[in-house]
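Hi,

Here is the structure I promised to pass on to you. Have a look at it first, and then read on for my notes.

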Amino acid sequence: MSVRTYLLRTHGRTRLDWTDWVSYLYLVVGLFLMFGPVLWIVVSSFKTNAALSEFPPSFLPAGQKTTEVKGHEGRLPVFVVKLPDGTTKEMVELRRIGLNATMVDPAKPDEEVQVNINDRTKTRELRVATENYTQLFGKFSFGRYLWNSVFITVVATLITLLFNSMAAFALSKYKFAGQKAVFLLIIGTLMIPPTIILVPNFLVISNLGLLNSLWGVIWPAVATPTGVFLLRQYMLTIPDELLDAARMDHASEWQIYWRIVLPLTAPALAVLAIFSVMWRWNDFLWPLIVLSKSELFTLQLALNSFQGELQTEWNYLLAMTVITIIPVTLVFAFLQKHITTGIAASGVK
Amino acid sequence: MSTHGTANRVGLALTRIPGLLEPLMRGAQTVLGSARMPWVFLAPNLLIFGTFTFLPIVINFYYAFTGGVKLYPSERPFTGMENLATLFECGSYFDPSSCRQDIFWRAVFNTGKFALLQVGLMVVLSVLTALVLNRKIIGRGFWRGVFFYPVLLSPVVVALIWKWILQSQGVLNGLLVGVGAQPTEWLTSASWMFFWVILVSIWAHMGFYTLIVLAGLQAIPKDLYDAAEMDSASPWRVFARITLPLLMPNLLVVIVLAMIRAVQTFDEVFVLTGGGPGSATTFIVQFIYETGFAHAIHQYGLAAAASLVLAGALLVLTLLQLKATRSGGADK
């Protein structure tokens, strides 16, 4: 079977009709529109500042070549110069006044030559500016922001899993007075988005002494109605006989919860863990209000504060953005199926 | 399958942690008796919900009806309806510049306009995409992922990606120059910015709604389509007579969910435009944030009052959603 027939064969039909072609065209355009912007920022993050300021921008990280010359500071731009005798030579510009540039041959740094700028062209080179990434850690408190983000994400997710599974256990495996009311109350909080209680929550957090503390971001986030609902639905499918048998063996209620029910709930816990990691990693408004000291900034807050500066250093900002994208991209690449089934099951994000 | 295995193993490893609490919980069971244990299990969650959701709802009313710039409730004088009256003090409700809080009214109009346009366009695109994904195509899982990927990106990242594309020296202007067109200052033109805010928001959220519509499409019984094929009905007729009517309950839920989300839009727009140029893309949540926290004078009362207005709008949408869900349930 040829590659063409393999690629074009369809289920039950022998050839593609025009609606198939339109569908695939739609998908390819979609691929370009959805991934293109992200790809562009990844490629851009490997460009030098000189390459970034070029217009129109080139796709690959190419820009004017620069080099160091003995006796002069910094990296200087390189040109191909047409000399009076008709030969061409690669030279470095020291300074330029009007149409005249003072240039030297990097091999002979003492012989300065006056060149008319019409007699020279820029030397371009392909250079992957990995320093955008390597300098992040020294130049900014990037490690600090990364740590703050990781700490909030990991700790909040662990507590979320513990608290929500405990509540789900109580709501699915017991019968007690007020059970239905509690369940409705928890589900009811879905209708109260954090955006409408910003001011009072600020008061609560500052009264608890959690302003400018990572815990001020963590605690309000660890009880999620979505999580309780998701886990409860899953636990309802675990047969009660298992629990009764354990009680006969004098297991404590807590042992039943964590030794029997929790391991059986692992698939649902994994879905909630993925959701929680993404929620906390991407959080913005609440951390923006709670954390005002820059040493407590999460990656998202740091990105926002750098992009708002008067002189945005885009080469570093782009690299920082790409690093922020990496965890969610990994989650996407390996756990996409869990996420999509989780959304289909609960209808919430 | 292997990723399933890994995720499950991680999940299993995490379930070991609660063992550390064993002695404490055994003690609780001895003291309280096993009949009260459900409440012990519920306690942490209820404590968090109580402290950070239910208590704040009550306090929000207190803020809305008191004035001054102090945060602590005891230092705030009671002012009754003054905050709400300030928000609603307008020469004409259709002309924001005649209002005392003109930014608030601009934000209300911007949010309304944005919600209608963004949700309308996004739902159409989601249905279109879901229809394509529901066909017999090669690599459906991959293509579904393609449209879903931006959903996972943080609002800040989404905003930075597009700011980089739309800036005056950006790739979009580069492409325009490449085809011989005039470059445009997207970020400083009020109408273009509003347009891009809608487009970027659709880009970022469309995949989520596409998934829900796709689930709805897959729930439509196949034999209906087989019957239509036997009657050799045209594709358009099949869509109008079978797909659309049966998808309607699902679509209603999608529309209301998207609306609830759209009226709360803040972060991606705030980072992309800062609410500007001028106040062209300032939305209600940004007004609340700036009035209560960002400006030099913190007008908590006014921010809380604006929160009440937003809560009112969300309540209406939520009731609509309940209605939509119920009618959706009745059909199944």
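A word on domains before anything else: the domain bounds I use come from an automatic or database domain assignment. On that basis, chain B splits into domain 1, covering 2–64, and domain 2, covering 85–331. The C-alpha centres of these two domains of chain B are 34 Å apart. Please keep in mind throughout that this is a predicted model.

**Where the chains meet**

The interface between the chains involves 86 residues of chain B in contact with 86 residues of chain A. On the chain B side, helix α3 (residues 37–64) supplies the largest share, 17 residues.

One helix pair across the two chains may interest you. Helix α2 of chain A (residues 18–44) packs with helix α6 of chain B (residues 140–152), their axes 9 Å apart and at an angle of about 30 degrees. Since angles under 35 degrees count as roughly parallel, α2(A) is roughly parallel to α6(B). The crossing of α2(A) and α6(B) is left-handed.

Which residues of α2(A) and α6(B) meet? From α2(A) come A:Leu27, A:Gly30, A:Leu31, A:Met34 and A:Phe35, while α6(B) brings B:Trp143, B:Val146, B:Phe147, B:Tyr149 and B:Pro150. In this contact of α2(A) with α6(B), 9 residues are nonpolar, 1 is polar and none is charged.

**A covered helix in chain A**

Helix α15 of chain A (residues 299–307) is mostly covered, with 7 of its 9 residues buried. The buried residues of α15(A) are A:Leu299, A:Gln300, A:Leu301, A:Ala302, A:Leu303, A:Asn304 and A:Gln307.

**A lysine in a strand**

A:Lys122 sits in strand β7 of chain A (residues 120–122). Is A:Lys122 buried or partly exposed? A residue needs 20 or more other C-beta atoms within 10 Å to be buried, and 12 or fewer to be exposed; A:Lys122 has 14 other C-beta atoms within 10 Å, so this lysine is partly exposed. Leaving out residues up to four places away in sequence, A:Lys122 touches A:Gln64 and A:Phe79. A:Thr134 is 12 residues from A:Lys122 in sequence, and the two are 28 Å apart in space, C-alpha to C-alpha.

**Backbone details in the loops**

- In chain B, a cis peptide bond joins B:Gly276 and B:Pro277, with omega at about 0 degrees. B:Pro277 belongs to the loop between α12 (267–273) and α13 (284–294) of chain B.
- A:Asn212 has a phi near 55 degrees, which is positive in a residue other than glycine. This asparagine, A:Asn212, is found in the loop between α8 (198–207) and α9 (214–218) of chain A. A:Asn212 counts as partly exposed because 14 C-beta neighbours lie inside 10 Å.
- A:His250 is not a glycine either, yet has a positive phi of about 65 degrees. The loop that holds A:His250 runs between α11 (240–248) and α12 (253–264) of chain A. Here there are 7 C-beta neighbours inside 10 Å, so A:His250 counts as exposed.

I hope you enjoy looking through it.

Best wishes

Note on methods:
Residues are numbered from 1 along each chain as its sequence is written. Chains are lettered from A and ligands numbered from 1 in the order in which they are written. This is a predicted model: local features need pLDDT of at least 70, side-chain atom pairs count only at pLDDT 80 or more; totals for chains, interfaces and linings use all residues. Two residues are in contact if their C-beta atoms, placed from the backbone, lie within 7 Å. Helices (H or I, at least four residues) and strands (E, at least two) are DSSP runs, numbered from the N terminus. Axes are lines fitted to C-alpha atoms, for helices over the stretch in contact, and angles run from 0 to 180 degrees between N-to-C directions. Angles under 35 degrees count as roughly parallel, over 145 as roughly antiparallel, 65 to 115 as roughly perpendicular and the rest as oblique. A crossing is left-handed if the near helix is turned anticlockwise from the far one by less than a right angle, and right-handed if clockwise. Ala, Val, Leu, Ile, Met, Phe, Trp, Tyr, Cys and Pro count as nonpolar, Asp, Glu, Lys and Arg as charged, and the others, Gly among them, as polar.
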